[in-house]
Amino acid sequence: MRDSLEQFGVGLFVPGLFGPENRPLPDRDEVGEAHDVMFTEALLGEEVGFEGLFVGEQHMRTECFFGDMFLLLGMLAVRTSRVRLATFCNVVTLWDPMHVAETTALIDQVSRGRLTYSPGMGYHPGYFQMFGIDEKTRLSRFKESVEVIKTAWTSREPFSFSGKHFDYSDVLLTPQPYQQPHPTIWGAGQSDAAIARSGTYATGWCGDPFPLHDETFRRQTDSFRETAAAHGVENPKVILMRNGFVADTRKEAEAIFGQYYVDEMRFYYDYGIFSHDPRIQSREDVNVDNLRSTLVIGTPEDCAASLEYFRDTYDVDYIVMRFRMNDGPDPARSYECIRTFGEEVLPRIGATPPPESSPTD
């Protein structure tokens, strides 16, 4: 089994979060304006050369303005023609896996084979509370869900499944996905067990935008690659998410983006999922000075050098960039950053797709 990614690529993350945690409920005008921002960013990302568009999943948070990632990807499928369309990631433990298999197959069909599917277990207690699911069951639900989805995607005859959480008798998915034998799957999760487990069902593993501890990262990615190879994956891929911003100077980029980035990273710190870094001993240690090396930020030359550093030093096959955090920067600056990054950074590292690029067959 071979991954659809043939060369180093850079994707664009399109956030569906607007405002701080526990912000007041948005009114309909705020929601509409936020959706306009998301679609403008996404379409601009395809226009200026990003390889893919990546969307996340959040629920029961007032800062979340687009909770249904599958609806969002379906809308992007008909508004775009070239880019990869990726879940980053789908909290599959909240869903019926046959429903996920059916919906993702349709997205893959509509986009003519551009879907990349990344499933995850989820970490936020509000997600499980919203859908009445016991958070303690998420690991077993995850394992069953992935098995059901892959079986549904590939079975040409009705199949049955009996598990702890899901039971199906003589079910058949139709239509099936456009990609054969099934859409590209990239695993998620940051624990050693989750990373190794990705190798049992995926051709790639996605890392979060946290600091990288050299020895730990190499051990984890080696574990993933070894497990994937043992499960028949040819040339497994490592995908890394990074935050950043491009401007005329590094000082300007940090002034525009820095505090928004710090606020977001402290959110993850508060939930206990910020990866270990010896520089971070308290919440106040989560700041730009300590985390500058984790960012892709500064002039186009600075950003290109950072991408090359992560690609070459950590043997990364793909980087997903996020330029807008929950609170900002404002849309005009976000658009300018996306355009400049696409036009002045991606060509420097040879990551701009050729004009004749077409969907994966």
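**Notebook: strands, crossovers and one surface patch**

I began with strand β9 (residues 184-187), where T184 and W186 point one way and I185 and G187 the other way, and all are buried. Buried here means under 20% relative accessible area, exposed over 50%, and partly exposed in between, with a 1.4 Å probe and protein chains only. Strands (E, at least two residues) and helices (H or I, at least four) are DSSP runs numbered from the N terminus.

I noted that the model is predicted, that local features need pLDDT of at least 70 and side-chain atom pairs pLDDT 80 or more, and that totals for chains, interfaces and linings use all residues. Residues are numbered from 1 along each chain as its sequence is written, and side-chain values use heavy atoms, with hydrogens and water left out.

**Neighbours of β9**

I looked up which strands pair with β9; two strands pair if DSSP finds at least two bridges between them. Strand β5 (residues 115-117) runs parallel to β9 and is joined to it by 2 bridges. Y117 is the residue opposite I185. Strand β10 (residues 204-207) also runs parallel to β9, again with 2 bridges. There I found G204 in β10 as the bridge partner of W186. From β9 the chain passes through helix α6 (residues 192-201) to β10 in a right-handed β-α-β crossover. Right-handed means that, with the strands pointing away from the viewer, the path from the first strand over the helix to the second runs clockwise.

**Around β2**

Next I took strand β2 (residues 52-55). Which way do its side chains point? G52 and F54 point one way, L53 and V55 the other way, and all are buried. With strand β1 (residues 9-13), β2 pairs in the parallel sense over 2 bridges, and F13 stands opposite F54. With strand β3 (residues 84-87), β2 pairs in the parallel sense over 4 bridges, and T87 in β3 is the bridge partner of V55.

I then traced the connections. β1, helix α1 (residues 28-48) and β2 make a right-handed β-α-β unit. β2, helix α2 (residues 69-79) and β3 make a right-handed unit as well.

Last, I looked up a nonpolar surface patch of about 290 Å², made by M60, M130 and F131. Patch residues have over 30% relative accessible area and no salt bridge; nonpolar side chains (Val, Leu, Ile, Met, Phe, Trp, Tyr) are joined within 5 Å, like charges within 9 Å. A salt bridge is a side-chain nitrogen of Lys or Arg within 4 Å of a carboxyl oxygen of Asp or Glu. Areas come from the Shrake-Rupley method with a 1.4 Å probe, and for residues only the protein chains shown count as cover. F131 lies in the loop between α4 (125-130) and α5 (138-154). F131 is partly exposed, at 39% relative accessible area.
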